[in-house]
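Here are a few comments from one pass over the model. Have it open while you read.

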Amino acid sequence: SSLDALKREAAEISISNVNVSYGAYHALKNVNLEIKPGEFFAFLGPSGCGKTTLLRLIAGFNTAQTGSVVIGGRNVLTLPPWRRDVGMVFQSYALWPHMTVWKNVTFGLEERRLSAQERNQRAEDALKLVGLEKLADRKPSQLSGGQQQRVALARTIAVRPTVLLLDEPLSNLDASLRVQVRREILAMQRRLGLTTIFVTHDQEEANTVCDRIAVMSEGMVQQVGTPMELYDNPANLFVGRFLGTANTVSGEIRANGSERVFQAVGGEVLPAPANEEPGPAKLFFRPQNASLVTKSEVASGSDLRLSARISGREFLGSTIRYALKTGGEDIFIDVPHIGKRNGFSEDDVVGVQISPSDASIFR
Ligand code: ATP
């Protein structure tokens, strides 16, 4: 069946210079974001960073002290939620318990000036889209958590919003269902081509379904990018650590004539980019972007070399994750597990070899 009853032209969202305060608390600090038409976008960050505040601002449930929110060319900040053409699915689903699935989906359409035929067509298409057409006569209490979630989605989609907002939609589902439902949400989003924003504190969830992510912390957008861009080229330590296992080695940048070196706490001196200002710094790299060599092996080419002692290892099947101490710090190195080679043992002193292009200096 075609989904023409549910489809609309995808809208772009443009957020400029937004500041939101709750009394003296500054919850959003000068937020700027451009979300493309049809994009599946995530707001990702730890609890309290302002994700929900930003989502509710777009939906119309919060006000801003400064800035603008433009959806499909229209500045919506002064419009009430029901005039914004925005559909929001809440963490709690907020279904009406005394109404059937069918009634939950059609109820929101009744107050609109639609023919009965149009209402029924939209409800049918929306329930089909989420695979619930056979359960239309049930009450929410007769459905599983995942099914209730899909009713909430169908109800929102049936209104035919230009933008879909999802506030931690998977958090009430158990782990195995979460993976399935996130795939279903992605498939639905692609079929409708609907601009969608997904709020989550789970980086795996954001990485697997979203085209681009805004990483937030303390009311600020720290970085915007595709999952791979953020993982491979984090703009700062916060993003680097939030997106996956991160190694950091503390030290300082020192001037050595016109050259710069990174002096690690514990003594080692490594070449550093010439444009780095002297001062405290951290060397950053991922566990799979370094290799282990025996102490006597010569460093190859321009690679950085730290000396470290192995403090433990975990066998993960395709890789072995070594825990090491370098200076005072714990780092992790992933080594592919090939054949029956045994590798290094606890207390071995080894070299950690890092290609400069896979490492960053953060301040
Ligand atoms: P979570 O993942 O826990 O939902 P979040 O990133 O969505 O967190 P928000 O709900 O946007 O965070 O809250 C951002 C900050 O603003 C928090 O420190 C919160 O305590 C504060 N805050 C939220 N709503 C209000 C309010 N109505 N009055 C005062 N402070 C609030």
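This is a predicted model: local features need pLDDT of at least 70, side-chain atom pairs count only at pLDDT 80 or more; totals for chains, interfaces and linings use all residues.

1. The chain splits into domain 1 (13-241) and domain 2 (245-362), and their centres, taken over C-alpha atoms, are 41 Å apart.

2. What do the two domains share by way of contacts? Four residues of domain 1 are in contact with five residues of domain 2. On the domain 1 side, that makes one nonpolar, two polar and one charged residues.

3. Now the ligand. Around it sit Y22, Y25, A27, G45, S47, G48, C49, G50, K51, T52, T53 and H201. By class, this shell has four nonpolar, seven polar and one charged residues.

4. Which elements supply at least two residues each to that shell? They are β2 (25-35) and α1 (51-59), and α1 gives the largest share, with three residues.

5. Helix α4 (residues 145-158) is worth a length check.

6. Is α4 mostly covered or mostly open? Mostly covered: 11 of its 14 residues are buried. Those are Q148, Q149, R150, V151, A152, L153, A154, R155, T156, I157 and A158.

7. As for what they pack against, the buried residues of α4 meet β6 (86-89), α2 (101-110), α3 (116-129), β7 (163-167) and α5 (175-192).

Methods
Residues are numbered from 1 along each chain as its sequence is written. A residue is buried if 20 or more other C-beta atoms lie within 10 Å of its own, exposed if 12 or fewer, and partly exposed in between; C-beta atoms are placed from the backbone. Helices (H or I, at least four residues) and strands (E, at least two) are DSSP runs, numbered from the N terminus. Two residues are in contact if their C-beta atoms, placed from the backbone, lie within 7 Å. A residue is near a molecule or strand if its C-beta atom, placed from the backbone, lies within 6 Å of it. Ala, Val, Leu, Ile, Met, Phe, Trp, Tyr, Cys and Pro count as nonpolar, Asp, Glu, Lys and Arg as charged, and the others, Gly among them, as polar. Domain bounds come from an automatic or database domain assignment.
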